[in-house]
Amino acid sequence: HSGTKFGSRLAASLEMKFGADLKANMVPEWAAGYIEYDKLKGLIKQITSAADAASKEALEEEFFLLLEEQLEKVNSFYLKKVADFEADLEAKKAAGTAAAPGAAAPGATTTTSGATTTTSGATTTTS
């Protein structure tokens with residue numbers, strides 16, 4: 001049936017594009033955090049061509065174990081990156097509110113040539 005052939009070719013084309021897109025858009029520094037698409041795809045091909053039910057069942061079990069492992073890997077990588085970005089953000093926030101080197105600490109009073117300066121937070125008043 002020609003509709004089935006077209007659907008199979010379309011599915012194969014989309015599948016090939018996904019794998020190629022995944023590789024083409026991979027961030028090299030993050031490669032260890034990506035799913036091993038080719039391994040999973042290879043297992044699916046083995047499952048669909050398995051000759052007997054026992055082989056198919058064993059391959060399906062292997063596939064789902066690998067899939068779970070891959071999902072855990074990707075999730076762990078994602079959570080680590082989120083934590084790293086949050087830590088960087090907090091560090092930048094802290095650096096932005098910290099006093100510049102040589103600046104008076106909040107609440108400190110300094111006297112220079114008869115003028116008194118009191119620093120409170122980000123506000124400086126001269127009396």
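Of the contacts in this protein with a separation of 6 or more, 27% are accounted for by residues 24 or more positions apart. Please keep in mind that the model before us is predicted. The protein has 127 residues, and 12% of them count as buried.

Let me turn to the secondary structure. There are 3 helices and 3 strands in the protein. Read from the N terminus, the elements follow the order α-α-α-β-β-β.

Two packed helices are described by the angle between their axes and the distance between the axes. Helix α2 covers residues 37-48, and helix α3 covers residues 53-97. Their axes come within 9 Å of each other, and the crossing angle is roughly 165°. An angle over 145 degrees counts as roughly antiparallel, and therefore α2 is roughly antiparallel to α3. As for handedness, the crossing of these two helices is left-handed.

Which residues of α2 and α3 make the contact? On the α2 side they are Lys39, Leu40, Leu43, Ile44, Gln46 and Ile47. On the α3 side they are Lys56, Leu59, Glu60, Glu62, Phe63, Leu66, Leu67 and Gln70. Sorted by class, the contact of α2 with α3 comprises 8 nonpolar, 2 polar and 4 charged residues.

Lys39 belongs to helix α2. Its relative accessible area is 47%, so Lys39 is partly exposed. Between Lys39 and Leu66 there are 27 residues of separation in sequence, yet their C-alpha atoms are 8.6 Å apart in space.

The next residue is Leu67, which is found in helix α3. Is Leu67 buried or partly exposed? With a relative accessibility of 24%, Leu67 counts as partly exposed. Leu67 and Ile35 are 32 residues apart in sequence, while the distance from C-alpha to C-alpha is 8.7 Å.

Finally, I come to Gln70, also placed in helix α3. Why does Gln70 count as buried? The cut-off for a buried residue is under 20% relative accessible area, and Gln70 counts as buried because its relative accessibility is 1%. If we leave aside the neighbours within four places in sequence, Gln70 is in contact with Tyr34, Ile35, Glu36 and Leu40. For Glu36 there is a further detail: its backbone nitrogen lies 2.7 Å from a polar atom of the Gln70 side chain.

Definitions and conventions: Residues are numbered from 1 along each chain as its sequence is written. This is a predicted model: local features need pLDDT of at least 70, side-chain atom pairs count only at pLDDT 80 or more; totals for chains, interfaces and linings use all residues. Side-chain values use heavy atoms; hydrogens and water are left out. Axes are lines fitted to C-alpha atoms, for helices over the stretch in contact, and angles run from 0 to 180 degrees between N-to-C directions. Helices (H or I, at least four residues) and strands (E, at least two) are DSSP runs, numbered from the N terminus. Angles under 35 degrees count as roughly parallel, over 145 as roughly antiparallel, 65 to 115 as roughly perpendicular and the rest as oblique. A crossing is left-handed if the near helix is turned anticlockwise from the far one by less than a right angle, and right-handed if clockwise. Contact means heavy atoms within 4.5 Å. Ala, Val, Leu, Ile, Met, Phe, Trp, Tyr, Cys and Pro count as nonpolar, Asp, Glu, Lys and Arg as charged, and the others, Gly among them, as polar. Buried means under 20% relative accessible area, exposed over 50%, partly exposed in between (1.4 Å probe, protein chains only). A polar contact is a pair of N or O atoms within 3.5 Å; within protein, one must be able to donate a hydrogen and the other to accept it, and residues adjacent in sequence count only if both atoms are side-chain atoms.
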